[in-house]
Amino acid sequence: MQHGKNLKIDGQRLWDTLEEMAKIGPGVAGGCNRQTLTDDDAEGRALFQKWCESAGCIMGVDNMGNMFAHRAGVDENALPVYVGSHLDTQPTGGKYDGVLGVLGGLELIRTLNDAGVETKHPIVATNWTNEEGTRFAPAMLSSGVFAKKHMLDWAYDRKDAEGKAFGDELKRIGWQGEEEVGAREMRAYFELHIEQGPILEAENKDIGVVTHGQGLSWTEIKITGKDAHTGSTPMPMRKNAGLGMARVLELVDEIAWSHKPHAVGAAGHIDVHPNSRNVIPGQVVFTVDLRSPDIEVISDMEQRLHEGTKKICRDMGLEVSLEKVGGFDPVKFDPQCVSAVRDAAESLGYSHIDIVSGAGHDACWINAVAPSAMIMCPCVDGLSHNEAEEITKEWATAGGDVLLHAVLEIAEIQE
């Protein structure tokens, strides 16, 4: 086991691999625009497959386009340990969100190959389709189908802004596999990811040991008032849907603060109609995003949002409708897998803290069907979903080292 304890990934090779993948679907400001099921996505997938096969892996692809690069174990009947994340990006995404986890899995396999290390359990590097949910909602779509949270036909019918169906686009780019989605069994699943928040950098910690994932609730709110001239309509005669929204957003902020420090709330998607400079908004449609690691807190926030929004609109003479359009319950990651991550960080001498993931990740769905854990590395200023997203080679290397040793703990290194 001494050989295994001294094992480290090739940080420069991982970094070079990240930079090479970032050349596919480049953004306009230094990041990436490699949205799911686009030609750029297909090109990125092909490069990942080429790299994996060069590392001696056998690639499998399921009905949802999920990619599984299999490195053989000493006991091929033993359940594999899976590692991965996603290669798709936001329209103005960074180079590391998701990609670090996929290519970190590849680097793990390359490192084991270089060192001649075998494991009892096979190891599988994974790329989940459409984690971002930007082009086809909801997010984490394919891992959700894998975990039987969504039906395959329902997923195939998801439409993008141009009315193109997920299933049709998956076929078009040539990545609809024949393997039944969700048929694979896992011993465990590990996901390396950038934090997408400021805590690790602010605390000067190398590694975030993710113990929980926040639950999420999306509520679409439609407030209807009356379009009217902004200059000639007296204040008492206005039915200003925009003002109603503003008061609801103040309520959202108040609700989130009441459950500090972990609860959060905001509206990120807002449509204002008619969206003209000199017309009082007659209708607004916006989605409120509420999150907490506590299911009871989410329920309380939802109830207060509904009751408070209806009262605001009633008092203002506005019509309102509320519809829950997405969400998932909080996640508690597997204690044994979490301990493997923590132990790896400690044995390697990396500073670390326990952390709650504020974003949704494929691991949140996979945790429902296999023991799972996440490893986080810092990102500069906590910035993500932005082309200016930035990490350091040292942070990526630390995350890759911890991923390697956590996986080896569960995959059982063979001397």
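**Before you start.** This is a predicted model, in which local features need pLDDT of at least 70, side-chain atom pairs count only at pLDDT 80 or more, and totals for chains, interfaces and linings use all residues. Residues are numbered from 1 along each chain as its sequence is written, and side-chain values use heavy atoms, with hydrogens and water left out.

**Stop 1: the two domains.** Please colour 11-213 + 330-411 as domain 1 and 215-328 as domain 2; these bounds come from an automatic or database domain assignment. Their C-alpha centres are 34 Å apart.

**Stop 2: where the domains meet.** About 680 Å² is buried between the two domains, with 76% of it on carbon and sulfur atoms. Buried area here is the accessible area (1.4 Å probe) that two parts lose on being put together, summed over both.

How many residue pairs are in polar contact between domain 1 and domain 2? There is 1, with both residues at pLDDT 80 or more. A polar contact is a pair of N or O atoms within 3.5 Å; within protein, one must be able to donate a hydrogen and the other to accept it, and residues adjacent in sequence count only if both atoms are side-chain atoms.

**Stop 3: Arg135.** Move to the loop between strand E5 (123-127) and helix H5 (141-146), where Arg135 sits. Helices (H or I, at least four residues) and strands (E, at least two) are DSSP runs, numbered from the N terminus. Arg135 is buried, at 14% relative accessible area; buried means under 20%, exposed over 50%, and partly exposed in between (1.4 Å probe, protein chains only). Polar atoms of the Arg135 side chain lie 3.1 Å from the backbone oxygen of Thr36 and 3.0 Å from that of Leu37.

**Stop 4: Lys95.** Finally, select Lys95, in the loop between strand E3 (81-85) and helix H4 (99-115). Is Lys95 buried or partly exposed? With a relative accessibility of 22%, Lys95 is partly exposed. Its side chain makes a polar contact with the side chain of Glu19, at 3.3 Å. Beyond four places in sequence, the residues that Lys95 contacts include Leu18, Ala22 and Glu389.

Key. Contact = heavy atoms within 4.5 Å.
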